[in-house]
Amino acid sequence: LWLGSSNPLWVAERLAAEPGPLEVSPSPDEEDQKSLWRSLFEQPELWEDCRPDKEIGIRSSTYPDFKQWPDDGRGALWVDAMDTPEWVLLRLAEGSFEGPS
């Protein structure tokens with residue numbers, strides 16, 4: 001069972017009431033997302049920064065902020081996602097992403 005921020009509150013409450021230790025590990029999706037965020041900064045040449053196009057309306061507001069190429073449907077990242085690591089927000093605020101736009 002993988003739990004994340006999208007689970008209903010009652011799930012966490014019910015599990016907290018259960019006796020015994022619970023093993024906690026990130027879901028495969030969370031690990032994939034972390035790997036993609038690392039890739040954004042380690043291999044920026046593979047990523048397109050779509051934020052400027054979103055700001056001026058060329059792309060939909062629901063389009064990913066960053067898109068990985070070649071596009072295999074897997075490499076898409078949204079800065080405002082609930083599971084975006086804090087370190088990503090700090091690095092982006094510093095302006096440390098220097099990929100092609």
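Modeller: Helices here are DSSP runs of H or I with at least four residues, numbered from the N terminus. The model is a predicted one. Ser-39 has its place in helix 2.

Colleague: What makes Ser-39 count as buried or exposed?

Modeller: Its relative accessible area is 10%. Buried means under 20%, so Ser-39 is buried. Leaving aside neighbours within four places in sequence, Ser-39 is in contact with Pro-44, Trp-47 and Gln-68.

Colleague: How do you know whether Gln-68 is buried or exposed?

Modeller: Gln-68 has 12% relative accessibility and therefore counts as buried, the limit being under 20%. Gln-68 belongs to strand 2 and touches Leu-36, Ser-39, Leu-46, Trp-47 and Gly-75, not counting residues up to four places away in sequence.

Colleague: Why are strand 1 and strand 3 called edge strands?

Modeller: Three strands form an open sheet in the order 1-2-3, with antiparallel pairing. Strand 1 (47-49) and strand 3 (76-77) each pair on one side only.

Colleague: How do you know that strand 1 and strand 2 pair?

Modeller: A pair requires at least two bridges found by DSSP. Strand 1 and strand 2 (residues 66-68) have three bridges, in the antiparallel sense. Asp-49 stands opposite Phe-66 of strand 2.

Colleague: Why is the pair of Trp-37 and Phe-66 called edge-to-face?

Modeller: The ring centres of Trp-37 and Phe-66 are 6.3 Å apart and the planes lie at 75°. Centres must lie within 6.5 Å, and planes over 60 degrees apart count as edge-to-face; the pair is therefore edge-to-face. It links Trp-37 in helix 2 with Phe-66 in strand 2, 29 residues apart. Both Trp-37 and Phe-66 are buried.

Colleague: What makes the pair of Phe-41 and Trp-87 tilted?

Modeller: For Phe-41 and Trp-87 the centres are 5.7 Å apart and the planes are at 55°. Stacked means under 30 degrees and edge-to-face over 60, with the rest tilted, so this pair is tilted. Phe-41 is in helix 2 and Trp-87 in helix 4, 46 residues apart. Phe-41 is buried at 12% relative accessible area, whereas Trp-87, at 34%, counts as partly exposed.

Colleague: Which residue lies over the face of Phe-41?

Modeller: Arg-91 does, at 4.2 Å from the ring centre.

Methods: Residues are numbered from 1 along each chain as its sequence is written. This is a predicted model: local features need pLDDT of at least 70, side-chain atom pairs count only at pLDDT 80 or more; totals for chains, interfaces and linings use all residues. Side-chain values use heavy atoms; hydrogens and water are left out. Helices (H or I, at least four residues) and strands (E, at least two) are DSSP runs, numbered from the N terminus. Buried means under 20% relative accessible area, exposed over 50%, partly exposed in between (1.4 Å probe, protein chains only). Contact means heavy atoms within 4.5 Å. Rings of Phe, Tyr and Trp (its six-membered ring) pair if their centres lie within 6.5 Å; planes under 30 degrees apart count as stacked, over 60 as edge-to-face and the rest as tilted. A charge sits over a ring if NZ of Lys or CZ of Arg is within 6 Å of the ring centre and within 35 degrees of the ring normal.
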